Every structure is written in structure tokens, then in C-alpha cells.
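Subject: Structure handover

Hi,

Here is the structure for you to look over. My notes on what turned up follow below.

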Amino acid sequence: MADGMGRGRLVGFRRQGVAAFLVIALPLSLEVAGHWVELAVGLVVVGAAVTSFPRFPLALFSLAVVGVLVPTLVLAPIATSPVRGWPFLVAAVFGYLAARRLADQRSVVTALAGILLAGLPVGVLIDVGDRGAFGVLFGLYDWFVLVLLLLLAVGLPWLAGRYRRQRAELLVAGLERVAVTERARIARDMHDSLGHELGLVALRAAALQVAPHLDEHTRAEAGELRAGIAAATERLHEIVGLLGEPEGTDLTPLVARATAAGQTVELVAPGDPPPQVAAAVHRVVREGLTNAARHAPGTPVTVRVTTSGDRTTVTVENALSGVEAPGRNGFGIAGLREQVAVLGGTFDAGVRDGRFVVEAGLPHDTAVAPPGRDRPRLWRLARAPLLAAAVVVVLGIGLYLFVGSDNRLDPAVYGRLYLGQPQADVERVLPRFQILGDPERMLPTPRQGADCRQYWATVQTDDRLFYRLCFADQRLVVKETVPRSAVSR
């Protein structure tokens with residue numbers, strides 16, 4: 001059955017991989033139509049990546065992100081060139097598959113953050129080489145735009161994959177809870193039916209053991225029968241414990257049942273225990289009463305439940321019977337010790353001042369979310385990407401406003417410039433910054449080796465949107481006014 005489920009998951013993943021391959025291949029072939037070499041290489045690389053993704057999910061996701069950074073930061077910066085869509089699509093598909101495949105998403109987030117941070121100095125250095133000192137600001141702006149696009153392109157599919165994975169995990173958890181409930185029902189039936197019948201048989205055997213009209217041999221056999229029934233009852237309690245007897249929270253019916261069975265029980269509980277530890281308190285009291293009835297029958301039992309601050313203490317104590325050491329190697333006591341430890345509490349069971357005491361301290365911060373709320377929470381999944389995107393947007397807008405505070409050239413100043421003017425004289429009257437999102441790709445290519453700069457006009461019209469100035473050999477060689485139609489085209 002496990003092999004069948006594994007094969008089913010493998011077939012499902014292969015189908016997802018084929019679908020991802022087709023989704024990537026179609027826009028890739030459309031975008032590079034006519035560039036058959038790039039198309040063939042791209043299809044082979046992407047197909048190989050999809051096929052090997054189940055074995056190397058994190059590595060291939062990282063390579064997909066690098067495949068976005070290299071063309072956008074090195075070959076054609078986003079702020080000056082059209083965005084090639086297919087690398088973003090590849091990263092988006094692999095982001096979704098990584099979220100579905102990997103249980104620990106911290107490695108995915110760490111890889112994405114590390115690659116983006118490593119790309120920042122690379123992009124800045126390249127822009128500095130192309131644009132001089134202004135390349136520092138231009139590179140930062142280009143990096144902010146790239147990070148925002150990547151968070152949108154990869155973050156949304158990653159959230160979708162993460163949501164689907166958590167839904168599947170919760171479905172499995174729900175099935176496990178159903179199995180636990182069914183085991184609890186079986187345990188309850190065994191406890192109520194077999195336990196009652198064994199108790200009646202043990203009672204009859206005990207009556208035969210003390211009957212005056214029977215000879216010693218018969219009474220000895222009755223004693224052996226009673227001992228065998230006691231061993232069977234002990235084994236029944238162990239099985240019930242393993243199956244998971246259903247937990248209650250109300251102590252009053254529990255004490256009432258113990259009293260009806262012949263125990264003398266004093267309950268000291270000024271108030272109800274907090275809801276988050278009520279089931280654990282019930283479990284401790286139940287096991288303490290069971291232990292007392294088994295090892296010290298007929299002795300009075302005192303149950304105390306006290307709540308102080310953020311902790312509830314449960315104490316069950318009884319006098320010693322003098323027949324056997326109470327609770328020695330008891331399955332219930334050992335299991336209870338482990339359960340209390342899981343909850344972060346303290347547990348102790350032993351003899352104190354001639355009495356056997358079971359004591360548990362339960363912290364109040366061990367609450368588990370109610371079953372009805374066990375569902376993926378989109379806010380918890382999305383808050384980290386949203387916070388990162390918000391930081392990037394704020395920094396990007398801040399940088400854009402900072403550069404925009406001094407990147408406009410007055411028409412009167414522009415009019416006084418002349419071709420052949422020394423570059424140093426021109427730079428004295430120019431604004432500190434240039435235009436971010438350099439629109440030079442829309443204009444005719446200047447002479448080879450010319451260094452061009454663009455500045456917004458302080459007064460913009462349809463015929464005068466911004467100015468372009470180009471320098472070569474330390475002289476002004478191009479001076480032109482760019483109309484709005486040149487960029488709109």
C-alpha cells in the first residue's frame with residue numbers, strides 16, 4: 001500500500017513537471033521565435049531541470065533565480081531595457097514546486113535572500129562602469145525594481161504551493177486524528193465491557209478464596225484464579241493506555257465513579273482548572289486513582305488541584321497498604337511521566353511521609369489550537385513576503401524621490417550650452433543626478449564612445465520632455481531636446 005501511494009505521488013509529481021515544462025516552453029518559443037539556437041538550448045536546459053527537480057529542488061530553484069539575475073542585472077538592466085519574461089516564468093514555476101516539495105522552507109527563503117543580496121554589488125559595479133558615479137544610485141534603483149518583480153513573480157506561486165502543501169499536511173493530520181478517535185472508541189469499549197466483566201469475576205474469585213466451607217486446596221486455586229484475573233486486568237489497562245483512552249475534563253464524574261467502586265476519595269479543587277490544561281489534569285487524577293485502587297485498595301485518597309499564576313499543580317495521595325510497593329514499574333505512571341514532560345511540566349511519584357504521592361505541575365502555555373482552526377492561514381504564510389515587498393517599495397520610492405529632487409535642467413541653462421564646450425564647464429551647471437529609468441534606448445544611437453546623460457526639463461511640454469547631452473574627448477558633442485513623441489513611440 002505504501003509503495004502504491006509512493007508511485008501515485010511520483011506520477012502526480014511527474015504530471016506537474018510535464019505541465020510546468022509545457023507552460024515554460026510555450027512562452028519561451030514565442031519570445032525567441034526566429035532564434036532557433038537559443039530556443040533549442042532553452043528547451044533542453046528547462047526540460048532537464050524539470051526532470052531532475054525531484055532530486056535537487058533547492059539547487060534548481062536557486063539556478064532559476066540566478067537565471068533571472070544574470071540577464072537583468074548584467075546584460076540588460078531592468079530600468080533601461082524590456083524585461084524578458086521567460087526567466088521569471090521559470091523561477092515562478094520552480095518556486096511553486098519548491099514550496100510543494102520541501103518541508104523546511106527556511107532553506108528556500110535563505111537561498112533567495114542570499115542570491116538577491118549577492119546580486120546587489122554585481123549590478124552596482126556594472127552600472128558604475130557604464131554611468132560613472134551615478135551608476136551607484138542607478139544600480140540600487142535597478143536592484144530594487146528587480147527584487148520587487150521577483151517577489152511578485154516567485155512569491156505568489158510560492159505562497160500557492162505552500163498553501164497546498166499545508167492543506168495536504170492538515171488532511172493527513174485530520175486522518176490521524178480520526179484514527180486516534182477510533183482507537184479511543186475501541187479502548188473505551190474494552191474498558192467498559194471487559195473491565196467490568198473481569199472485575200465481577202475477580203470479585204467472585206475473592207469470595208471463594210475466603211469461603212469457610214471450602215478446603216485449603218480449593219481456596220488456594222481460587223487465589224491463583226484471582227491473581228490471574230488481576231494480571232489480565234493489568235494487561236487490559238496497558239492495552240487501553242496504548243490505544244488512547246479518551247480524555248475528559250470534568251473531575252466530578254471521575255471521582256463519583258471511583259467512590260461508587262468502593263474508594264474513599266476527597267476532592268479539593270477550589271475552581272475548575274484552566275481549559276488548556278483541563279484534559280491533562282483529568283488524566284493525572286484518573287491515573288492516580290487507578291494506581292491507588294490497584295496497589296492500596298481500601299485506603300482513603302486525597303485529590304488536590306491548585307492554580308497559581310501560570311501553573312496548575314495536581315496532587316493525588318493515599319496511605320500505604322503495606323502489602324506491596326505502590327506504583328512500582330507501573331505502566332500508567334511511566335506513561336503519565338512522559339506525557340507531562342511533553343507538555344513542559346514536572347512530574348513526581350513516590351513515597352512521602354508514609355504516603356504515596358503523585359504530583360504534576362502543568363504550565364498554562366501548552367495550549368493547542370482547537371481542531372476547527374487547524375487550517376492554513378494565508379496571513380501567516382504571506383506576512384514575510386509582504387513585509388519584504390513593503391521594505392523594497394519604500395526604499396525604492398525613497399531613492400526615486402531623492403534622485404528626483406535634483407535631476408531637472410532649466411531651459412535657460414540648457415540654452416547657454418554650446419557644442420564643443422569643455423565637459424568640466426558643462427558639468428558645473430548640470431543637476432547632481434540624472435534620470436532614473438534611462439530612456440536612451442528610445443533615441444538614436446550617439447557616436448561611438450560618447451558618454452550620454454539625460455535630464456528632465458524643469459518646464460515640460462510636448463516638444464520638450466527632457467534633454468540629452470553627450471560628451472566625447474572631454475567636449476560636448478551632442479545637445480538635443482527630446483520631445484514627448486520620441487519616448488511615446
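Of the chain's 489 residues, 38% are buried, where buried means under 20% relative accessible area, exposed means over 50%, and partly exposed lies in between (1.4 Å probe, protein chains only). This is a predicted model, in which local features need pLDDT of at least 70 and side-chain atom pairs count only at pLDDT 80 or more, while totals for chains, interfaces and linings use all residues. Residues are numbered from 1 along each chain as its sequence is written, and side-chain values use heavy atoms, with hydrogens and water left out.

The chain has 14 helices and nine strands. Both are DSSP runs numbered from the N terminus: helices are H or I with at least four residues, strands are E with at least two. Among contacts with a separation of 6 or more, 67% come from residues 24 or more positions apart. Contact here means heavy atoms within 4.5 Å.

The sheet

Five strands make an open sheet, ordered β1-β2-β3-β5-β4, with mixed pairing. Two strands count as paired if DSSP finds at least two bridges between them. The edges are β1 (265-268) and β4 (346-352); each has a single partner strand, so one side of each lacks a neighbour in the sheet. On average, neighbouring strands are turned by 10° against each other, direction ignored. Axes are lines fitted to C-alpha atoms, for helices over the stretch in contact, and angles run from 0 to 180 degrees between N-to-C directions.

β4 and β5 (residues 355-363) run antiparallel and are joined by seven bridges. Within that pairing, Asp-348 sits opposite Glu-359 of β5.

Glu-266 has Thr-302 in β2 as its bridge partner. The chain goes from β1 through α9 to β2, and this β-α-β crossover is left-handed. For reference, a crossover is right-handed if, with the strands pointing away from the viewer, the path from the first strand over the helix to the second runs clockwise.

Helix α8 (residues 251-260) lies across β1 and β2 (301-308) and runs at about 165° to β1. Helix α9 (residues 275-295) packs on the sheet and touches β1, β2, β3 (311-319) and β5. The direction of α9 makes about 10° with that of β3.

Cys-452 and Cys-470 form it, with their sulfur atoms 2.0 Å apart. The link is right-handed, at 105° about the S-S bond. Cys-452 belongs to β7 (residues 451-461) and Cys-470 to β8 (residues 464-472), 18 residues apart. Cys-452 is buried at 12% relative accessibility. Cys-470 is buried too, at 0%.

The chain also holds five aromatic pairs. Rings of Phe, Tyr and Trp (its six-membered ring) pair if their centres lie within 6.5 Å; planes under 30 degrees apart are stacked, over 60 edge-to-face, and the rest tilted. One of the pairs is Trp-456 with Phe-466, edge-to-face at 5.9 Å centre to centre and 85° between the planes. Trp-456 lies in β7 and Phe-466 in β8, so the pair ties together parts 10 residues apart in sequence. Phe-466 is buried, with 0% relative accessibility.

Which residues have positive phi here? Asp-473 does, with phi near 55° in a residue other than glycine. Gln-474 does as well, with phi near 65°. Asp-473 lies in the loop between β8 and β9 (475-482), and Gln-474 is found in that loop too. Asp-473 is exposed, at 69% relative accessible area. Gln-474 is exposed at 57%.

Look at Phe-134, in the loop between α5 (106-131) and α6 (135-209). Phe-134 is buried, at 8% relative accessible area. What does Phe-134 touch, leaving aside neighbours within four places in sequence? The partners are Val-403, Phe-433, Gln-434, Ile-435 and Leu-436. Phe-134 and Gln-434 are 300 residues apart in sequence, yet 7.5 Å apart in space, C-alpha to C-alpha.

Best regards

Key:
A disulfide is a pair of cysteine sulfur atoms within 2.5 Å.
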